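Please keep the sequence and the model in view while reading.

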Amino acid sequence: MKSSRRKFIKLAGLTALGWSVCPSLASARSNRYRKIPGALKADRWAMAIDIQKLSDEVMQKAIEACHRLHNVPDIDSRQNVKWIWVETFKTLFDDQVHAHQMEGKEKLPLLTLCNHCDNPPCVRVCPTKATFKRHDGIVLMDFHRCIGCRFCMAGCPYGSRSFNYSDPRRFLNNDELSPDYPTRSKGVVEKCEFCAHLVDQGERPACVEAAEGVLFFGDLSDPDSEVRRVLRDRYSLVRKAKLGTEPQVYYLI
Amino acid sequence: MYDAKKIIPGLIIFALFFTFPFWFNLGTAAYTTPELELPDPEEHEHCIESTEYMRAEHMAMLDEWRDIYVRDGYQEYWSELNQEYFLTSLTKTCMDCHSDKEKFCDRCHEATAVDPYCWDCHIEP
């Protein structure tokens with residue numbers, strides 16, 4: 001067979017084409033999985049908290065619902081694990097507090113959780129991509145991948161992340177574990193995940209269900225959503241806006 | 001041969017060491033597939049894929065499931081064998097039928113000396 005430069009280049013071109021096309025053809029048949037048909041969809045999930053309606057009772061109900069569902073232990077020390085918890089106005093909005101604040105407002109207890117930032121520093125610093133941002137804006141943890149380096153805890157300006165210093169099952173009632181969600185293991189970081197697993201099943205987050213009418217959850221890109229409606233009507237704040245993390249939990253003042 | 005007095009005993013010692021696992025285990029019982037407690041065949045004709053496939057590939061399947069569930073949000077798996085969708089969930093799909101971990105999962109894992117850490121976090125039903 002007579003070989004020539006022209007023929008060789010033709011063959012090389014065809015080979016390169018085949019190499020680039022075949023893998024994408026192979027992956028095109030991966031329709032073995034689907035999302036649950038009734039899943040809630042959004043371009044940018046966000047939450048709004050009506051601080052005028054927040055009472056101790058409502059906050060405890062929201063915390064209880066979340067921590068029960070996700071098997072979050074209650075540890076009586078600085079190693080406690082928190083997904084959603086109570087903090088004073090002064091702690092949450094320390095850049096908004098001044099010396100002549102209305103009496104008592106500094107100590108006003110408010111609910112706080114992961115802000116699911118649009119520009120999340122925890123995702124940027126994670127060396128294993130255990131923390132990642134979904135297309136719908138939820139900042140999610142893949143506990144399987146977490147190596148417990150705690151860069152994300154250093155990166156998060158809101159203190160929304162907790163580390164498991166020991167096996168969390170030691171602090172949970174093992175007969176009353178919620179079967180719908182795993183516990184974590186020692187050496188893993190965890191945080192609120194806007195109940196991504198419930199959203200994918202077509203349900204709203206547990207805290208929103210528990211604190212009906214006080215917490216609002218919806219799609220920020222949809223002008224008719226509940227969240228957009230309350231944000232239009234009321235003045236709102238986000239935590240540490242100047243840092244540029246673009247937090248997506250809004251406090252209605 | 002030079003130094004045959006050293007080389008030949010050396011070779012014998014090497015051969016003995018090399019075959020240590022074989023003659024050390026002589027006379028002990030051979031490996032047998034553990035007896036597993038399977039779900040009622042009346043109710044469930046087969047698993048979500050063929051038995052041979054599940055036996056060889058269940059760990060790869062679970063690994064794929066956890067990635068596709070957590071990272072991409074796909075919660076259902078199409079089973080060609082059953083012509084049906086199943087939840088991509090260890091505890092809700094697999095252990096819905098294979099509900100006794102000790103009599104199913106553990107027996108093989110112990111016999112083959114593997115120690116998967118699924119249940120460190122996931123809760124047995």
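Helices (H or I, at least four residues) and strands (E, at least two) are DSSP runs, numbered from the N terminus. The model is a predicted one, in which local features need pLDDT of at least 70 and side-chain atom pairs count only at pLDDT 80 or more, while totals for chains, interfaces and linings use all residues. Residues are numbered from 1 along each chain as its sequence is written, chains are lettered from A and ligands numbered from 1 in the order in which they are written, and side-chain values use heavy atoms, with hydrogens and water left out.

B:His109 has its place in helix H5 (residues 105-111) of chain B. A residue is called buried under 20% relative accessible area, exposed over 50%, and partly exposed in between (1.4 Å probe, protein chains only). With a relative accessible area of 17%, B:His109 is therefore buried. Contact means heavy atoms within 4.5 Å. When neighbours within four places in sequence are set aside, B:His109 is in contact with B:His58, B:Val114, B:Pro116 and B:Trp119.

In chain A, A:Val189 belongs to strand E8 (residues 189-190). A:Val189 counts as buried because its relative accessibility is 0%. Not counting residues up to four places away in sequence, the residues that A:Val189 touches include A:Met141, A:Phe143, A:Cys146 and A:Phe163. The C-alpha atoms of A:Val189 and A:Asp142 are separated by 9.7 Å, and these two residues are 47 residues apart along the chain.

**Strands and sheets**

Strands of a sheet pair through backbone hydrogen bonds, either parallel or antiparallel. Here two strands are said to pair if DSSP finds at least two bridges between them. An open sheet in chain A consists of 4 strands in the order E9-E2-E11-E10, with mixed pairing. Its edge strands, each pairing on one side only, are strand E9 (215-219) and E10. The following table lists strand pairs of chain A.

| Strand pair | Sense | Bridges | Residues opposite each other |
|---|---|---|---|
| E2(A) and E9(A) | antiparallel | 5 bridges | A:Ala46 and A:Gly218 |
| E2(A) and E11(A) | parallel | 4 bridges | A:Asp50 and A:Leu252 |
| E3(A) and E4(A) | antiparallel | 5 bridges | A:Ile84 and A:Leu113 |

Which way do the residues of strand E11 (residues 249-252) of chain A point? A:Val249 and A:Tyr251 point one way, A:Tyr250 and A:Leu252 point the other way, and all are buried. In strand E4 (residues 109-113) of chain A, 4 of the 5 residues are buried, so this strand is largely enclosed by the rest of the structure.

Another open sheet brings the two chains together: its 3 strands have the order E1(A)-E1(B)-E2(B), with antiparallel pairing. The edge strands here are strand E1 (33-34) of chain A and strand E2 (84-87) of chain B, each of which pairs on one side only. E1(A) is joined by 2 bridges to strand E1 (residues 76-79) of chain B, where the bridge partner of A:Arg34 is B:Glu76.

**Nonpolar cores**

In soluble globular proteins, nonpolar side chains tend to be buried together. A nonpolar core is a set of buried Ala, Val, Leu, Ile, Met, Phe, Trp, Tyr and Cys residues joined through side-chain atoms within 4.5 Å. The largest such core has 52 residues, and A:Leu111 and A:Phe194 have the most contacts inside it. Helix H2(A) supplies the largest share of this core, 5 residues. Apart from it lies another core, of 10 residues, including A:Ala46, A:Leu220, A:Val227 and A:Leu252. Leaving aside neighbours within four places in sequence, A:Leu111 is in contact with residues including A:Ile49, A:Met59, A:Ile84, A:Leu215 and A:Tyr251.

**The second largest pocket**

On a 1 Å grid over the protein atoms alone, a pocket is an open set of points where a 1.4 Å probe fits, with protein on both sides within 12 Å along at least five of seven lines; lining residues have an atom within 4 Å of a point. Grid points are joined across faces, edges and corners, and a volume is the space filled by probe spheres set on the points. The second largest pocket holds about 380 Å³ of space. Its lining has 19 residues, of which A:Glu64, A:His67, A:Arg68, A:Val72 and A:Asp74 are the closest to its centre. Helix H2 (56-69) of chain A gives the most to this lining, with 5 residues.
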